[in-house]
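Please keep the sequence and the structure in view while reading.

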Amino acid sequence: SITGLYFTRINKLDSAQWAFLKAVEEAEKSDNKYALGRAYGDVAATVFKIGDIQKSIEYDRKAVAVTRQLTDKAGIALMAAKMINLSSAYVTVFESTGNKKYLDSAKIIAEESVIAAKKGEDIKSILESYGILSKYYLVNRDYIQSNIYSDSIIAKHIPGFTNYTIYIAYYNKSVAAREKNDIVIAAKFADSSQKYAALFNAQAETKSLELVYQVNRLLNNTNSSLVALERMTMLKD
């Protein structure tokens, strides 16, 4: 597993996949379900980065299935995390296909993940589940429910630990405000989303910057929209 993480960090994903599959083999031999759930999840995350979403979903499902057999707090927390990975993969498929059945599946799994994460006392998994549920209601134009989940993320934010989830929360709140034609509020939330996305990683920041660019164009804030566009282009390059 550590070897796989090393190859992941230096972006040799084929080698990382090989190492994580070896971890799967060893976990199966020793009948270590906790290690097996982790290894399945590591394979899923790696093939997801390579671009094989369907294979990622296959291994995420295996990870969830095996971690369902764990009953201790750490095992339940691991199950919640693997459910989030599966739910997120379904969201990705929805975003690429527009097929809402995948978003519906993501919602069902995220709701189950919330229950497990609370039992496992895993705040990160709870908030990540809230982010998926906020996205679900946003797509379905239930902006009140979407904002309830986003506000819960913001209220429980732990600086330096949940920067990813709070960036998602502000992003969803910005989109909801834009859809309601509250463009000034949308711009405010977009700025907050960018702030936390920048603390998380550059890839996340490009998504927030695109939103900053869009809402500032609607407000005719030429300078702000141009600055966002230039930084977004630089980061993508």
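Contact here means heavy atoms within 4.5 Å, and helices are DSSP runs (H or I, at least four residues) numbered from the N terminus.

## Basis of the model

This is a predicted model, in which local features need pLDDT of at least 70 and side-chain atom pairs count only at pLDDT 80 or more, while totals for chains, interfaces and linings use all residues. Residues are numbered from 1 along each chain as its sequence is written, and side-chain values use heavy atoms, with hydrogens and water left out.

## Helix 3 against helix 4

The axes of helix 3 (residues 33–50) and helix 4 (residues 53–67) come within 8 Å and cross at roughly 165°; the two helices are therefore roughly antiparallel to each other, a term for angles over 145 degrees.

On the side of helix 3, the residues that meet helix 4 include Leu36, Tyr40, Val47 and Phe48, and their counterparts in helix 4 include Ile53, Tyr59, Ala63 and Val66. The residues of this contact divide into 10 nonpolar, four polar and four charged, where Ala, Val, Leu, Ile, Met, Phe, Trp, Tyr, Cys and Pro count as nonpolar, Asp, Glu, Lys and Arg as charged, and the others, Gly among them, as polar.

## Ser113 in helix 6

Ser113 lies in helix 6 (residues 100–119) and, at 0% relative accessibility, counts as buried (under 20% relative accessible area, with a 1.4 Å probe and protein chains only). Leaving aside neighbours within four places in sequence, Ser113 is in contact with Ala80, Met83, Ile84, Ser125 and Ser129.

The side chain of Ser113 reaches the backbone oxygen of Ala80 at 3.0 Å.

Conventions: Axes fitted to C-alpha atoms, helices over the stretch in contact; angles between N-to-C directions. Parallel < 35°, antiparallel > 145°, perpendicular 65-115°, else oblique. Buried < 20%, exposed > 50% of the residue type's maximum accessible area, 1.4 Å probe, protein only. Polar contact = N/O pair within 3.5 Å; in protein donor to acceptor, adjacent residues only side chain to side chain.
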